[in-house]
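Look over the sequence and the structure first.

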Amino acid sequence: MTADVHLVPEPEAATLTKTAPAKNTPAKNVLAKNASPAAVAARAEAGGGRYDGLRAGLAQLVRKPVFLLALLYVLFVVVSAFAPGLFTNQDPIETHPQLAVLAPSLDHPFGTDYYGRDLWSRVLHGSALTIQATLIALGIATVAGLALGVVAGFFGGVVDALLMRIVDVQLAIPGLLMALSIVTALGYGTVPVAIAVGVSIVPGFARTTRAEVLRVKTLPYVEAARAAGAGWGRVLARHVLPNSWGPVAVLAVLDTGVAIIAIASLSFLGFGAKPPAAEWGTLISDGRDYLITASWLSLLPGLFVALLVLSLNHISKTLQELER
């Protein structure tokens, strides 16, 4: 007894073995589903459409006039911190008693203080000290926060629990109070103030980094990289850190304003650079006794700082919207 054997012609057999993608499914998604782990890992390392997303994000930012104005103001403050001579030719220390407490004018846009010093020049030269302290504080917070967050999120377990309990203790203490305690122990000056503020904002960076690492390390391309034979160090450097940096960068921009306010507050209380150095907090403090007779001595430097912080907050919120 013989079984009937039906032979399928070769073209039809080839057709039966092919699987066409659905009409609404992009071909690259079908290829990604059928690709081997090694291919997926290679594609993840290549970056895919990362630069396309970057160009699309920049195109969106260009169409936001308020964002551009905020960015221009921040750039102006940064440039004035490193090259104040581009925007003023007045000496911030030289005194002119005959010009004491002059109202704002074309020659003195912010007026003069009680020693006859040009207030606009002192604000711009004071940018250098405040921006320097802010960069030091952000550097400390970013490095320490990234290290704590990556170690806690990547290794987990007892290490995660121990580090996060330390961070929780720091979060329970108000940031300005912690900075005030640290700067009291370290001493007065720009660098001690920067260190104190940097330590006080570390917990936010640690928490944000940990949350992103926990999210990214469970994504398919990380598992594919591990299946392809990549070590944990390579996975961390090539996949986890680059894809966890977005929210941390937004937080860095947002905390720049927080650091500026904290540094100005400590300078206002007298913990900053010694006179005649001009820091923003010191300038605001110097004019508080003249709020009725010469209000511009405090109000104009305060407005200068407030506009900078508002600009940084708007930039960070805009970048956060692009991350979603």
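In which helix do Tyr73 and Phe76 both lie, and how many residues apart are they? Both are in helix H5. They sit three residues apart, which is about one turn of the helix. Keep in mind that this model is predicted.

The structure holds eleven aromatic pairs. Tyr73 and Phe76 form one of them, and the pair is tilted. Their ring centres are 6.2 Å apart, with 45° between the planes. Tyr73 has a relative accessibility of 19%. Buried means under 20%, so Tyr73 counts as buried.

## From the helix to the loop

Phe76 also pairs with Phe87. Here the ring centres are 4.9 Å apart and the planes meet at 85°. Planes over 60 degrees apart count as edge-to-face, so this pair is edge-to-face.

Phe76 lies in helix H5, while Phe87 lies in the loop between H5 and H6. The pair therefore ties together parts that are eleven residues apart in sequence. Phe87 is at 33% relative accessibility, so it counts as partly exposed.

Tyr73, Phe76 and Phe87 belong to one cluster with Phe110, Trp120, Trp280 and Phe304.

## The largest nonpolar core

In soluble globular proteins, nonpolar side chains tend to be buried together. The largest nonpolar core in this model has 26 residues. Val77, Ile260, Trp280, Phe304 and Leu308 touch the most other members. H14 supplies the largest share, eight residues.

Follow Trp280 for a closer look. Leaving out residues up to four places away in sequence, Trp280 touches Val77, Val123, Gly126, Ser127, Thr130, Ile131, Ile260, Phe304, Val305 and Leu308. Another core lies apart from the largest one. This other core has 13 residues, including Val193, Ala259, Ala262 and Leu266.

## Two packed helices

Two packed helices are described by the angle between their axes and the distance between the axes. H6 packs with helix H10 (residues 202-216) at an angle of about 35°. Their axes are 7 Å apart. The crossing of H6 and H10 is right-handed.

Which kinds of residues make up the contact of H6 with H10? There are 14 nonpolar residues, five polar and one charged.

How values were computed: Residues numbered from 1 in each chain as written. Predicted model: local features only at pLDDT ≥ 70, side-chain atom pairs only at ≥ 80, totals over all residues. Heavy atoms only, no water. Core = buried A, V, L, I, M, F, W, Y, C linked by side-chain atoms within 4.5 Å. Buried < 20%, exposed > 50% of the residue type's maximum accessible area, 1.4 Å probe, protein only. Helix = DSSP H or I, 4+ residues; strand = E, 2+ residues; numbered from the N terminus. Contact = heavy atoms within 4.5 Å. Axes fitted to C-alpha atoms, helices over the stretch in contact; angles between N-to-C directions. Left-handed = near helix turned anticlockwise from the far one by under 90°. Nonpolar A, V, L, I, M, F, W, Y, C, P; charged D, E, K, R; others polar. Phe/Tyr/Trp six-rings, centres within 6.5 Å; stacked < 30°, edge-to-face > 60°.
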